[in-house]
Amino acid sequence: MATGIASGCGQLHLRKPVYLRNSYGNKAHSHSNVILNGTQNQIAWSSWVSNVLRVNRSSYPQCQVIKTNWKSRRGTIKSSQQRDGSVTRYFDFIVIGSGIAGLRYALEVAKHGTVAVITKAEPHESSTNYAQGGVSAVLCPLDSVENHIQDTIVAGAYLCDKETVKVVCTEGPERIRELIAIGASFDHGEDGNLDLAREGGHSHRRIVHAADMTGREIERALLEAVFKNPNIHVFQHHFAIDLLTTQDGSDVVCHGVDTIHTETKEVIRFISKVTLLASGGVGHIYPSTTNPTVATGDGMAMAHRAQAVISNMEFVQFHPTALADEGLPNIPSARENAFLITEAVRGDGGILYNLDMERFMPMYDERAELAPRDVVARSIDDQLKKRGEKYVLLDISHKPREKVLSHFPNIAAECLRHGLDITQQPIPVVPAAHYMCGGVRAGLEGETNVQGLYVAGEVACTGLHGANRLASNSLLEALVFARRAVQPSIDHVNVSRIDNGASSWWPRPVAPMALGDTVLNKVIRRTREVRKELQSIMWEYVGIVRSTSRLNTAEKRIKELELEWETYLFQHGWEPTMVGVEACEMRNLFCCANLVVSSALSRQESRGLHYTTDFPHVEESERLPTVIFPSQRNSTWSTRQLHAQPIS
């Protein structure tokens with residue numbers, strides 16, 4: 001099956017194929033690690049994506065129309081019910097995810113049609129809601145866009161796309177002003193101006209924040225605006241299963257998504273002219289992550305199965321300072337996600353010590369605690385391994401009590417809840433999986449190689465972050481690309497047609513109720529055990545410091561575990577078209593774990609977040625993004641769509 005990028009690839013050459021072996025150990029499908037022109041005059045990332053992957057708006061394939069008079073009506077939901085009781089809903093725009101990227105986009109496109117916001121849990125349960133630090137933007141006359149650009153590129157280990165960085169840093173201030181106009185309230189200083197903080201890797205104070213709960217404030221303001229908008233319909237507890245695609249010559253076209261209601265177990269189909277993926281990251285491929293429980297790589301895995309190009313998956317950012325529960329006076333019960341200790345604590349003067357109260361960061365980097373996250377995380381990891389300890393200490397107690405409590409009320413309250421007063425005692429911290437710099441490859445307008453599919457936020461790989469994300473650039477990127485995806489989405493809607501008959505183009509996934517409660521409970525129990533095993537493998541072999549032998553071991557063990565799990569499911573009566581939340585999440589975690597390992601094996605250098613003992617230095621010849629092209633020969637349940645793609 002041809003893909004949407006088959007034509008126009010003459011500007012590329014292969015470095016070497018990246019193989020994802022099937023469960024039986026044979027090379028079932030290959031993902032080519034594709035490099036942009038390998039000279040110093042290589043074509044820019046954003047230019048290549050925009051020119052090669054960009055949807056040609058003048059030649060959208062016109063889907064077969066059975067009823068041509070279907071039009072969206074403001075404030076109403078168009079839906080149909082099949083004879084078997086299955087439901088299909090129709091919208092102009094579908095947004096998968098309810099974080100900053102999805103909600104900001106929804107508010108704009110709602111001016112031009114009906115919008116469905118599909119979210120896996122409650123609307124507020126997103127990575128945005130957990131973001132403590134803030135949003136970076138140049139809002140001080142002593143700062144400059146050029147400074148922000150330079151800081152971003154340095155932190156990204158010079159793998160960032162310069163055009164993307166320039167766009168984001170230039171447009172960032174206006175996006176912040178729009179957010180304030182929507183209703184987000186940020187901290188101000190005594191002079192009445194925004195109180196701008198500084199974080200690791202930044203040369204100036206440019207972090208807009210709301211104490212240490214910035215994400216929560218942004219999420220509140222956006223959700224409030226979304227719920228007031230009659231053209232936006234929020235579908236909570238709807239887990240996206242697979243994108244609905246067709247093949248038109250060499251082009252793959254997206255028409256919507258299948259979902260399962262996580263409470264009723266009803267399968268609901270959403271048909272649309274445009275789909276925005278804003279589903280967040282994949283932190284739960286690791287046992288300890290600051291991500292919410294919904295971050296299981298669903299968007300990246302769905303896009304991969306739908307033939308989208310994936311890039312830079314080896315660059316997993318481990319936040320250096322998650323709260324180490326075992327170091328608290330009163331150890332809390334097991335958490336589903338680690339509690340984040342924001343970068344701003346170090347930005348405000350916090351100092352890192354080992355358990356002997358020896359300051360260690362100056363030994364690793366002249367920037368000490370203000371070094372970028374990859375440097376700080378590796379330094380902490382080195383200390384822990386050398387000393388055989390489980391956490392280090394982050395001390396902010398030398399700062400005035402009032403300042404600490406006013407800047408970090410959420411952190412102070414959480415620690416005090418477990419017997420630790422951060423104004424008097426150091427905070428026990430340890431690195432945890434935090435952010436995926438790679439994802440679905442996007443152009444400057446959020447476009448992908450799949451027509452009708454746009455991406456924004458952590459699920460996307462725009463080229464902004466390069467090999468390591470600069471602190472507080474994630475919310476900024478989400479705002480900028482959510483806004484940039486609006487106009488091409490509107491253009492697509494204006495030239496696209498679709499109809500009620502589209503719902504019958506794909507077979508329906510089915511809930512596994514026919515298996516019975518006893519079998520289902522066994523499947524769910526085994527799936528949860530497998531999930532923990534996968535997370536353990538990823539932490540042990542694909543963590544902060546890697547090696548080729550350990551990555552090869554991870555690849556082998558993951559494939560064996562995936563085969564064992566799939567075999568268990570199908571021996572217990574599971575069918576490939578069956579869908580359940582635990583099983584589909586596991587499917588997505590396997591898919592993303594394999595993408596991370598394959599990408600890591602292909603990079604033979606240490607750059608940014610990817611550090612390998614076999615290639616400990618930066619190699620200029622390797623300063624190119626990792627690109628995984630789609631393949632038609634995906635053989636495992638995690639890498640193929642539940643339904644065959646019909647020809648439109």
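**Reading contacts, salt bridges and a sheet**

Analyst: Not counting residues up to four places away in sequence, His-209 touches Gly-133, Gly-134, Phe-186, Asp-187, Asp-195, Ala-197 and Thr-214; a contact means heavy atoms within 4.5 Å. This is a predicted model, in which local features need pLDDT of at least 70 and side-chain atom pairs count only at pLDDT 80 or more, while totals for chains, interfaces and linings use all residues. Residues are numbered from 1 along each chain as its sequence is written, and side-chain values use heavy atoms, with hydrogens and water left out.

User: Is His-209 buried or exposed, and where is His-209 found?

Analyst: Buried means under 20% relative accessible area, exposed over 50%, and partly exposed in between (1.4 Å probe, protein chains only). His-209 has 6% relative accessibility and therefore counts as buried. Its place is the loop between strand S8 (207-208) and helix H6 (214-228); helices (H or I, at least four residues) and strands (E, at least two) are DSSP runs, numbered from the N terminus. A polar atom of the His-209 side chain lies 3.0 Å from the backbone oxygen of Asp-195.

User: How many salt bridges does the structure hold, and what does Glu-178 form with Arg-104?

Analyst: A salt bridge places a side-chain nitrogen of Lys or Arg within 4 Å of a carboxyl oxygen of Asp or Glu. The structure holds 46 of them. In one, the closest N and O atoms of Glu-178 and Arg-104 are 3.2 Å apart. Glu-178 belongs to helix H5 (residues 162-182) and Arg-104 to helix H2 (residues 100-109), so the pair ties together parts that are 74 residues apart in sequence. Glu-178 is buried at 17% relative accessible area, and Arg-104 is buried at 5%.

User: Which salt bridge joins the side chains of Arg-175 and another residue?

Analyst: Arg-175 meets Glu-171 at 3.8 Å, N to O. Because these two are four residues apart in helix H5, about one helical turn separates them. Arg-175 counts as buried at 11% relative accessibility, whereas Glu-171, at 22%, counts as partly exposed.

User: What order do the strands of the open sheet of four strands have?

Analyst: Two strands pair if DSSP finds at least two bridges between them. The order is S14-S17-S16-S15, with antiparallel pairing. Strand S14 (316-323) and strand S15 (351-353) stand at the edges with a single partner strand each, so one side of each is left without a neighbour in the sheet. Six bridges join S14 to strand S17 (residues 427-436), and Tyr-435 in S17 is the bridge partner of Gln-317.

Notes
A polar contact is a pair of N or O atoms within 3.5 Å; within protein, one must be able to donate a hydrogen and the other to accept it, and residues adjacent in sequence count only if both atoms are side-chain atoms.
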